[in-house]
Amino acid sequence: MDPNSVKSTLSNLAFENVMAAAARDYKKEMLAQEKAQSSTSVNQEVDLDELMDHPELEKLHADRITALKKEAEKREALKRQGHGEYREISEGDFLGEVTGSEKVVCHFYHKEFYRCKIMDKHLKALASKHLDTKFIKLDAEKRGCSR
């Protein structure tokens with residue numbers, strides 16, 4: 001038997017043993033990390049449960065509910081003023097409608113113009129999305145603007 005081949009075989013066996021040991025150690029480390037993460041997540045759940053009953057969180061929750069109620073009341077008040085819809089008004093109503101709201105979009109339209117019909121479609125879609133703005137239209141022909 002050749003001494004070099006014996007040395008090579010022993011070296012290969014030693015290398016395989018080292019690799020196997022490294023794989024075992026790596027596996028142990030991974031298992032330890034998984035255990036640590038699972039215990040941390042359990043601790044986090046307990047901490048979250050404790051936080052849910054915290055008085056500061058209850059105060060924030062109450063404040064948010066109050067703010068949401070105020071927003072809902074404001075939306076209802078705006079809807080009563082004609083916000084959220086796109087509607088036609090008469091010339092006599094114009095000044096009251098425009099001065100009664102902070103933001104107003106008024107379309108002076110002509111019923112025969114195709115582009116006015118397109119504009120109506122878009123303004124109707126915008127009116128429901130922007131409650132803080134009143135969207136109205138006024139027939140320009142009846143008003144006497146189209147001379």
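Predicted model: local features only at pLDDT ≥ 70, side-chain atom pairs only at ≥ 80, totals over all residues.
The model contains an open sheet of three strands, arranged in the order β1-β3-β2 and paired in parallel fashion. From one strand to the next, the twist averages 30°. Strand β1 runs parallel to strand β3 (residues 134-139), and four bridges join the two. Within this pairing, I89 lies opposite L138 in β3. Helix α4 (residues 114-129) packs on the sheet, where it touches β1, β2 and β3. The direction of helix α4 makes about 160° with that of β2.

Aromatic side chains were examined next. One aromatic pair is found in a search of the whole structure. It is formed by F94 and F108, whose ring centres are 5.8 Å apart; the ring planes stand at 50°, a value between the limits of 30 and 60 degrees, so the pair is classed as tilted. Distant parts of the chain are linked by this pair, as F94 belongs to helix α3 (residues 94-99) and F108 to strand β2 (residues 104-109), 14 residues apart. F94 is partly exposed, with a relative accessibility of 24%. F108 likewise counts as partly exposed, its relative accessible area being 40%.

A further contact involves a charged residue and an aromatic ring. The charged end of K137 is placed over the ring of Y109, at 5.1 Å from the ring centre.

Note on methods. Residues numbered from 1 in each chain as written. Heavy atoms only, no water. Phe/Tyr/Trp six-rings, centres within 6.5 Å; stacked < 30°, edge-to-face > 60°. Buried < 20%, exposed > 50% of the residue type's maximum accessible area, 1.4 Å probe, protein only. Lys NZ or Arg CZ within 6 Å of the ring centre and 35° of its normal. Pairing = 2+ DSSP bridges. Axes fitted to C-alpha atoms, helices over the stretch in contact; angles between N-to-C directions. Contact = heavy atoms within 4.5 Å.
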